Structure formats: structure tokens, C-alpha cells
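Me: I would like to learn how to read a model like this one, feature by feature. Where should we start?

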Amino acid sequence: MVPVIAACERWERETRGWRPFDTSDRARVISGNSMNGRVLVLNASYEPINVCNERRAIVMIFKGVARVEEHNGHVLHAAKMSIHAPSVIRLTEYIHIPFKNRSLSRKNILLRDHSTCQYCGKQLPPSELTLDHVHPRSRGGESTWDNLVACCKRCNHRKGSRTPEEAKMHLVRRPRGFSHHVNRQIMRYLGRADETWRKYLYYESDDAAN
Ligand SMILES: [Zn+2]
């Protein structure tokens with residue numbers, strides 16, 4: 001934690017007097033790197049709340065709204081300095097998150113379903129998956145978290161505008177509405193290769209429920 005904070009302070013010193021001088025300018029200077037690595041965002045209470053990219057995380061650190069909890073081992077190079085890339089950051093102030101507003105998107109549904117067709121169980125690249133309305137849209141099925149599932153094109157074609165029962169196709173898992181639990185599942189999936197995320201995403205209560 002210390003190296004990044006020290007680097008940020010040095011960065012502030014070195015660039016003092018620059019105008020205009022907002023966080024986006026500061027972030028742009030470090031843009032020699034892609035800075036697209038994923039960073040887990042914790043609330044001040046250590047509750048995992050989101051995932052962002054390194055660029056966004058560094059802007060949040062510069063703004064003072066977040067602090068680094070873990071590094072991913074990479075070093076980001078700027079003109080005059082290098083900083084250790086964060087892998088987990090924590091907000092300095094607690095914010096209340098209205099989870100029910102979490103955006104319903106193709107990307108989020110595919111993440112919830114782990115890029116796995118919910119009928120045949122095949123895990124596929126996102127480009128080979130589509131979204132299926134479990135209760136068909138043509139018959140009043142809504143586009144909601146609990147009526148949409150990841151589906152391969154073959155199964156989607158086979159099912160057509162029938163219900164799973166009519167098509168005799170069984171869901172691997174009933175689609176779940178959005179909740180704190182689903183949100184954490186999505187973050188676990190995104191961070192499955194990142195050891196530094198584990199201690200923040202796995203709790204006994206969750207593991208017992210799985
Ligand atoms: Zn399928």
C-alpha cells in the first residue's frame with residue numbers, strides 16, 4: 001500500500017502548479033499502459049461493490065475517494081514516475097448503493113451465467129452466445145434479470161418461441177434476479193484468476209449457501 005500512496009504524493013508534488021489540472025489529465029499522462037486490468041472496488045466497510053479498470057481506479061486514488069488495499073504486481077510507467085498497479089481499492093467513505101438499479105445488460109447476464117448456455121451447459125465466448133427470454137417475449141415475457149439467460153445460438157434456435165417445458169429443454173439453473181449475492185458471484189467470476197481478490201469475495205456465509 002505504501003509505494004502507491006508515496007508515488008501519488010510525489011506525483012502531486014511534481015505536477016503542482018500545472019493548470020488545468022484535473023484527475024483526468026493526470027490519468028492521461030500514465031496512458032503509456034493500457035491500464036485495462038480489472039480492479040475490485042470495496043466499500044469503506046470492505047464489502048465488495050464493483051469492478052473497474054486500472055485507469056478508473058487510479059483516478060479514484062488521485063481524487064482521494066479510494067485507497068489501495070492490494071497490488072497486482074504490475075508497474076505502470078508515466079513520464080516521471082512509476083506506480084504499482086492496484087488490484088483492490090477501498091472507498092474512503094461509505095456509500096449506499098441502490099443494488100436494484102444495477103444495469104440489466106447482455107454483458108451482466110452473460111457474467112452471471114458464466115458465459116455458459118443455460119440449456120446445453122456449454123461454456124462459449126460471449127460472441128457465440130445470445131440472450132434467451134425463458135418465457136418468450138412474443139408471449140409477454142419480460143426483459144428482466146429473472147427471465148433472461150445466456151444461450152448458445154443452436155439452443156436459441158431450437159427453443160424458438162416456446163417455453164422450456166414446451167420445448168422439453170431444461171434450464172441448467174433458474175435465472176436469478178439481481179441481488180447482493182448475484183453481484184458478488186459476478187465479481188468472483190471476473191476475479192477468478194486474481195488471488196488478491198479472494199479474501200474479499202469469499203465469506204463463510206456465502207460458501208455455506210453454495
Ligand atoms: Zn446451448
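**Reading the model**

Reply: Helices (H or I, at least four residues) and strands (E, at least two) are DSSP runs, numbered from the N terminus. This is a predicted model, in which local features need pLDDT of at least 70 and side-chain atom pairs count only at pLDDT 80 or more, while totals for chains, interfaces and linings use all residues. Residues are numbered from 1 along each chain as its sequence is written.

Me: How many helices and strands are there in the protein?

Reply: The protein has nine helices and six strands.

Me: Which way do E1 and E2 run?

Reply: Two strands pair if DSSP finds at least two bridges between them. E1 and E2 run antiparallel, joined by five bridges; Arg38 has Asn53 in E2 as its bridge partner. E1 also pairs with E4, in the parallel sense, over three bridges. There, Val41 is bridged to Ile89 of E4.

Me: How many residues of E1 are buried?

Reply: Four of the five residues of E1 are buried, so the strand is mostly covered. Across the protein, 25% of the 210 residues count as buried.

Me: What should I look for in a helix such as H3?

Reply: An α-helix has 3.6 residues a turn, so residues three or four places apart point the same way. In helix H3 (residues 54–63), the buried residues include Glu54, Arg55, Ala57, Ile58, Met60 and Ile61. Gly64 follows H3 and has a positive phi, near 85 degrees.

Me: Which residues have the most contacts inside the largest nonpolar core?

Reply: In soluble globular proteins, nonpolar side chains tend to be buried together. A nonpolar core is a set of buried Ala, Val, Leu, Ile, Met, Phe, Trp, Tyr and Cys residues joined through C-beta atoms within 7 Å. The largest has 18 residues, and those with the most contacts inside it are Leu40, Leu42, Ala57, Ile61, Val88 and Ile89. At least two residues of this core come from each of E1, H3, strand E3 (66–77), strand E4 (82–91), helix H7 (180–190) and helix H8 (195–201). A second, separate core of 11 residues includes Ile109, Leu129, Val149 and Cys155.

Me: Where is pLDDT below 50?

Reply: pLDDT is the predictor's confidence in each residue, from 0 to 100. Where pLDDT is low, the predicted coordinates should not be read in detail. The protein averages 79, and 75% of the residues score at least 70. Over residues 14–32 the pLDDT is below 50, and this stretch has 20 contacts (C-beta atoms, placed from the backbone, within 7 Å) beyond near neighbours in sequence. Residues 204–210 also stay under 50, with two contacts beyond four places in sequence.

Methods:
A residue is buried if 20 or more other C-beta atoms lie within 10 Å of its own, exposed if 12 or fewer, and partly exposed in between; C-beta atoms are placed from the backbone.
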